[in-house]
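The sequence and the structure come first.

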Amino acid sequence: QLQLVESGGGLVQPGGSLRLSCAVSGFTLDYYAIGWFRQAPGKEREGVSCIKSSAGSTYYADSVKGRFTISRDNAKNTVYLQMDSLKPEDTAIYYCATRSPQLGALACWNWGVYSYWGQGTQVTVSS
């Protein structure tokens, strides 16, 4: 059974940093793309960043480009989201998700095909 568990959220001041982790089990991370999403109060969920299984190509939404970095450690079955220069508008629940490995050729920013989700971790950026 595929399982994803996020951790690393918390309260941080503007300009600070957090590193989120997405630990996966029930499948081998090597063959799966992982996406990070977030949902702020009163807003729709949005895709933030993703990393493909093959060659580890990455994508970032314009709102986080240059501030967030996604990486994966297949040996640890974990994907990370390093978040720097955090802003109050980054406040949200952050989720990691994955999709069927049969979609491997599809660009990872096709957000609508992610079907396995973690429970989320809260990130609050406030002074």
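Counted in sequence order, the bonded cysteines of the protein pair 1-3, 2-4. The model is a predicted one, and its disulfides number 2. A disulfide is a covalent bond between the sulfur atoms of two cysteines. The table gives the two links.

| Disulfide | S to S | Angle about the S-S bond | Hand |
|---|---|---|---|
| Cys 22 to Cys 96 | 2.1 Å | 75 degrees | right-handed |
| Cys 50 to Cys 108 | 2.0 Å | 65 degrees | right-handed |

Cys 22 belongs to strand β3 and Cys 96 to strand β9, so this link ties together parts of the chain that are 74 residues apart in sequence. Cys 22 is buried, with a relative accessible area of 0%, and Cys 96 is buried, with a value of 0%. Cys 50 counts as buried because its relative accessibility is 0%. Cys 108, with a relative accessible area of 3%, is buried.

The interior comes next. In soluble globular proteins, nonpolar side chains tend to be buried together. Here the largest nonpolar core has 28 residues, and those with the most contacts inside it are Ile 34, Trp 36, Phe 68, Val 79, Leu 81, Met 83 and Tyr 94. Strands β3, β4, β5, β7, β8, β9 and β11 each supply at least two residues of this core. The largest share, 4 residues, comes from β3. Beyond its neighbours within four places in sequence, Tyr 94 is in contact with residues including Glu 6, Leu 20, Trp 36, Phe 68, Leu 81, Met 83 and Val 123. A second, separate core has 6 residues, among them Ala 33, Cys 50, Cys 108 and Tyr 114.

Strand β3 also takes part in strand pairing: β1 (residues 3-7) and β3 (residues 18-25) are antiparallel and share 5 bridges. One of the residues involved is Val 5, whose bridge partner in β3 is Ala 23. In a regular strand the side chains alternate between the two faces of the sheet.

The aromatic rings form 8 pairs in the structure. One of these joins Phe 37 and Trp 111 in an edge-to-face arrangement, 5.1 Å centre to centre with 75 degrees between the planes. Phe 37 is in strand β4 and Trp 111 in the loop between β9 and β10, 74 residues apart. Phe 37 also pairs with Trp 117; this pair is tilted, with 4.6 Å between the centres and 55 degrees between the planes. Trp 117 lies in strand β10, so its pair with Phe 37 in strand β4 ties together parts that are 80 residues apart in sequence.

Trp 111, at 23%, counts as partly exposed, and Trp 117, at 27%, is partly exposed.

Ring pairs link Phe 37, Trp 111 and Trp 117 into a cluster that also includes Tyr 59, Tyr 95, Trp 109 and Tyr 114. Arg 45 lies over the face of Phe 37, at 5.8 Å from the ring centre. Arg 45 also lies over the face of Trp 117, at 3.8 Å from the ring centre.

Notes:
Residues are numbered from 1 along each chain as its sequence is written. This is a predicted model: local features need pLDDT of at least 70, side-chain atom pairs count only at pLDDT 80 or more; totals for chains, interfaces and linings use all residues. Side-chain values use heavy atoms; hydrogens and water are left out. Two strands pair if DSSP finds at least two bridges between them. A nonpolar core is a set of buried Ala, Val, Leu, Ile, Met, Phe, Trp, Tyr and Cys residues joined through side-chain atoms within 4.5 Å. Buried means under 20% relative accessible area, exposed over 50%, partly exposed in between (1.4 Å probe, protein chains only). Contact means heavy atoms within 4.5 Å. Rings of Phe, Tyr and Trp (its six-membered ring) pair if their centres lie within 6.5 Å; planes under 30 degrees apart count as stacked, over 60 as edge-to-face and the rest as tilted. A charge sits over a ring if NZ of Lys or CZ of Arg is within 6 Å of the ring centre and within 35 degrees of the ring normal. A disulfide is a pair of cysteine sulfur atoms within 2.5 Å.
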